[in-house]
Amino acid sequence: MAKKSIANTIKNKVSDAFYFGPKGIIGIDIGLSAIKMAEVLKQSDGSYKLNNYAVINLPEGTIIEDEIQKEDEILKALNAGLKELGSSNHFACIGLSGPNTLIKRLQLAGGSQEEIEDQVLWEAEQYLPFSIEEGNISFSLIGENKGGGVDVIIGAAKKSVVNAFKELVERSSVKVKIVDLCAAATINVFESVMGNQPQIQSKTWIIMDLGAQKTQFMIYKNGVMVFFKEISIGGLTITEEIQRQMGVNYNEAESLKIHGDGNGNIPEEIVEIINQVFDTFFAELKKTIDFWITSTSEETFDGCILTGGGAQIPGFSETLQDLLETEIQILNPFNTMAYNKNNISEDMINDIAYRGVCAIGLAMRSMPK
Ligand SMILES: Nc1ncnc2c1ncn2[C@@H]1O[C@H](COP(=O)(O)OP(=O)(O)OP(=O)(O)O)[C@@H](O)[C@H]1O
Ligand SMILES: [Mg+2]
């Protein structure tokens, strides 16, 4: 009974939480490397336009996994970001990720809506890294499974983490109306960019967000995300190895990794370090894919879509292409989305295309029916 009421509260809260004002909602993605903010407008023809965008870099160690380490730094960056964003909007949708969140497909016996809700709670309990009472859980139906039951995908986050982020963000000038998972926001953009291609609905895609502290690995099949895994390797893993092996600080290591010797050449030692991290990453990735293949007997992918700053690491796409033997594409929101040239300068577009997808997907959230 107690469990049931949690499910209902969560659902009602989610529905009540939405507000879609004339200018939409500000999407706020607090990543390890930076806070990114986006404001998206839905145009009369149904397409989206990025109206405002801001990115404020965070100092080293401001946030570790989903634990806020330096509140003041985040607050300072939030205030600076909102000022730069220049939006008159005061409502935000924030994104969560990390060890205190869960996205998982469950196979259930099925039945009435009420029975399915009960089954979700009982089944979810086995996988949640926290007790069911400590979490916010929502789910959506994927469809019937071969055993005559139903498959659902659940999204969950630990309440204390939701509250910590919400309270901190609300110490700036915005009110948090929606808390979502970053992976769901990435899928929003994926569907908006690729969704009008008929093959999307009938095929199997790998989608990866290569961030600083982690990589989010998703499988999207027949129009829904069916598998999710967070791999704790990202761009920071390379930066830290450069720091360790070359005796430089975080900023110097970041600069060596991204800009190389200043003339666009990445020194041999750095390439060597990148390759070492690649080896570990690709071994982890192979394990994840093998797990999917053994549990579903599905071996083929129709394409792989990348986002996140880490997707720019030289040689990454090529090595991945060899491993997966499938075409690799970048999830570029500007393939289908216009942007306001008065507010966003052209030299930011490349960085936004790689690193802004989560913030854009959060800003695209709209009021449920
Ligand atoms: N041109 C580039 N070449 C290589 N790496 C890059 C480049 N630009 C950014 N990166 C790396 O991308 C990472 C930042 O990407 P992103 O903004 O997607 O991560 P984040 O959202 O802050 O992290 P997370 O999601 O893990 O919390 C950093 O590790 C940064 O060094
Ligand atoms: Mg990120």
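**View 1. An open sheet of three strands, ordered S7-S9-S8, with antiparallel pairing.** Strands pair here if DSSP finds at least two bridges between them. Strands (E, at least two residues) and helices (H or I, at least four) are DSSP runs numbered from the N terminus. S7 (101-108) and S8 (135-144) are the edge strands; each has a single partner strand, so one side of each lacks a neighbour in the sheet. On average, neighbouring strands are turned by 20° against each other, direction ignored. Axes are lines fitted to C-alpha atoms, for helices over the stretch in contact; angles run from 0 to 180 degrees between N-to-C directions. This is a predicted model: local features need pLDDT of at least 70, side-chain atom pairs count only at pLDDT 80 or more, and totals for chains, interfaces and linings use all residues. Residues are numbered from 1 along each chain as its sequence is written, while chains are lettered from A and ligands numbered from 1 in the order in which they are written.

**View 2. Strand S8 against strand S9 (residues 150-158).** Nine bridges join the two in the antiparallel sense. Phe-139 has Ile-154 in S9 as its bridge partner. Helix H3 (residues 113-127) packs on the sheet and touches S7, S8 and S9. The direction of H3 makes about 125° with that of S7. Contact means that the C-beta atoms of two residues, placed from the backbone, lie within 7 Å.

**View 3. The shell of 21 residues around ligand 1.** A residue is near a molecule if its C-beta atom, placed from the backbone, lies within 6 Å of it. Gly-31, Ser-33, Gly-211, Gly-235 and Gly-309 come nearest. Helices H7 (235-246) and H8 (250-259) each supply at least two shell residues. By class, the shell has eleven polar, six nonpolar and four charged residues. Ala, Val, Leu, Ile, Met, Phe, Trp, Tyr, Cys and Pro count as nonpolar; Asp, Glu, Lys and Arg as charged; the others, Gly among them, as polar. Domain 1 and domain 2 each give the shell at least three residues.

View 4. The bounds come from an automatic or database domain assignment. In contact are 29 residues of domain 1 and 28 residues of domain 2. On the domain 1 side, S7, H5 (182-194), H11 (349-355) and H12 (357-363) each supply at least two of the touching residues. H5 gives the largest share, eight residues. This side of domain 1 divides into 18 nonpolar, seven polar and four charged residues.
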